[in-house]
2 protein chains.
Amino acid sequence: MAEAKGPVWARNDREPRRRTLSRESIVYAAIALADRDGLDAVSIRSVASWLDVRPMSLYGHVSSKDDLLDLMFDQIAGQNVLGDQLPQHWRTALEAIARRTRDQGLAHPWTIELMTDRIQLGPNTLRVLDEWMRAVAPLSVSTEAAWTIVTAVNDYTVGYVIRVVAQRRAVPSDARAAGEWTATVNSYLTERADSGDHPHIAPLLRHGFATQPDSFEAGLSWILDSIEQSHAGPTSAGAAGR
Amino acid sequence: MAEAKGPVWARNDREPRRRTLSRESIVYAAIALADRDGLDAVSIRSVASWLDVRPMSLYGHVSSKDDLLDLMFDQIAGQNVLGDQLPQHWRTALEAIARRTRDQGLAHPWTIELMTDRIQLGPNTLRVLDEWMRAVAPLSVSTEAAWTIVTAVNDYTVGYVIRVVAQRRAVPSDARAAGEWTATVNSYLTERADSGDHPHIAPLLRHGFATQPDSFEAGLSWILDSIEQSHAGPTSAGAAGR
DNA sequence: TGGCTTACTGATACACCGTATCTATTAACG
DNA sequence: CGTTAATAGATACGGTGTATCAGTAAGCCA
């Protein structure tokens with residue numbers, strides 16, 4: 001499977017006869033590793049040794065590491081489909097998808113690293129995209145307008161996840177190192193606050209950014225409020241298009 | 001300089017006597033490489049050979065590659081400070097910073113990869129943060145409320161940049177490979193569209209997502225509209241707090 | 001001017017990475 | 001049963017960050 005042509009999801013790989021290994025088990029193992037130790041811990045060698053298999057055996061099921069990463073992403077995306085549980089009201093539906101996207105990003109932080117690498121268009125990802133568009137369908141606006149709404153909400157959500165994840169990642173996971181890090185950074189931040197160079201963020205520097213309450217919902221409802229105002233009556237479910 | 005304690009910006013490295021090399025020149029070289037060939041092209045060895053210097057010589061000025069990356073990020077962030085040119089009206093100011101952030105993200109796509117790695121708090125980054133807060137100061141709301149506004153706008157902007165960058169990155173830079181990629185992906189997408197599995201995105205799949213008009217401003221003004229409604233009179237500059 | 005401090009050279013080494021290649025084995029299907 | 005194809009297993013190449021150590025050369029201070 002060394003002659004890959006285009007992205008995984010755009011190919012039509014004949015499935016191998018398989019004995020013990022399978023594409024699925026490889027993807028699951030890789031996801032488990034990524035969830036536990038981060039994306040850097042996912043290597044062909046580490047996945048293979050986790051499966052008690054020789055590294056090169058994986059290449060019978062995935063043609064490259066990039067393929068494996070794409071498959072991992074799409075696997076997670078598949079868990080983000082609400083299906084029947086998608087609320088009918090467009091606003092409630094958008095909220096549900098946005099929250100789910102947020103939850104999944106926080107649960108699998110490595111997915112956002114893959115989002116920055118290249119656009120993902122696997123079947124499950126398309127399913128999620130379809131659901132975004134289904135959510136706004138009741139507004140009965142043009143495809144273009146619907147896409148603008150969807151990208152706005154999605155972009156905000158992704159940006160939020162990135163910020164929170166980056167915040168978490170900065171502090172070392174080892175408890176001892178974490179304490180040291182916090183001490184070093186705090187003293188740096190208070191030094192910066194005392195310097196007077198940053199008058200408008202002095203309180204933030206002194207109390208730490210992390211202590212700020214979560215404001216995901218605030219930003220989300222700001223976006224949705226405006227959409228509601230421009231595309232529908234304040235209480236309507238959206239039948240009044242145009 | 002092999003005994004790093006905490007992030008670069010939180011340390012107080014005595015500056016070396018330097019003959020030919022300098023921390024600055026290393027950072028500039030690394031940025032040039034990243035801009036041209038992406039973040040993966042930045043390695044200790046590649047930067048060194050670009051500067052016509054032996055790899056290990058760099059460690060006299062930066063104590064690790066991560067440090068170098070952080071310094072690169074903060075260097076770019078420094079170019080994002082508007083200073084005197086920051087508009088006085090809070091909304092215009094936020095728009096200016098958001099657009100600048102977007103432009104810089106698109107110009108140096110590798111910066112967003114660093115954002116996902118760990119939170120950046122270098123001096124220039126703090127300066128930018130200070131400017132965000134300065135922009136909303138005329139609203140004279142609580143620090144907490146101001147932070148909510150800033151993060152909302154910033155999160156949206158970062159999410160937007162990520163999506164656009166990922167879209168650009170997916171297609172290979174080599175013209176020949178790009179054509180092949182587009183053909184493969186397009187036929188995959190139309191196959192998906194024909195499958196009927198994704199009824200709500202069929203038009204998007206058929207015409208390609210890339211043909212959708214840019215909607216950064218739309219999402220931005222949605223957020224700002226709501227902020228305006230909840231925190232100030234529609235035309236006021238914001239003196240009427242609360 | 002002499003000598004000490006420091007910056008850089010240069011080589012080597014370690015442990016990792018993705019993956020190409022080749023051979024030998026082993027199981028499943030026709 | 002024999003063929004076919006999947007897997008095992010080993011080895012190799014060129015890349016990575018970075019530790020280590022010995023040698024050299026330039027700057028600063030006494």
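This is a predicted model: local features need pLDDT of at least 70, side-chain atom pairs count only at pLDDT 80 or more; totals for chains, interfaces and linings use all residues.
Residues are numbered from 1 along each chain as its sequence is written, and chains are lettered from A in the order in which they are written. Local features need pLDDT of at least 70 and side-chain atom pairs count only at pLDDT 80 or more, while totals for chains, interfaces and linings use all residues, and side-chain values use heavy atoms, with hydrogens and water left out.

**View 1**

**View 2. The interface of chain B and chain A.** In this view 69 residues of chain B are in contact with 69 residues of chain A, contact meaning heavy atoms within 4.5 Å. The two chains bury about 5,900 Å² between them, 70% of it on carbon and sulfur atoms, where buried area is the accessible area (1.4 Å probe) that two parts lose on being put together, summed over both. On the side of chain B, the residues B:Y188, B:H200 and B:W222 lose the most area to chain A, together 12% of what that side buries.

**View 3. A salt bridge between the chains.** Across the interface of chain B and chain A there are 2 salt bridges, each defined as a side-chain nitrogen of Lys or Arg within 4 Å of a carboxyl oxygen of Asp or Glu. B:R163 forms a salt bridge with A:D155, and their closest N and O atoms are 2.9 Å apart. The largest share of the side of chain B that touches chain A, 18 residues, comes from α7(B), helices being DSSP runs (H or I, at least four residues) numbered from the N terminus.

**View 4. A salt bridge within helix α6 of chain A.** The structure holds 33 salt bridges over all chains. In chain A, the side chains of A:E131 and A:R134 meet in a salt bridge at 3.4 Å, N to O. These two residues, A:E131 and A:R134, are 3 residues apart in helix α6 (residues 123-136) of chain A, and are therefore separated by about one helical turn.
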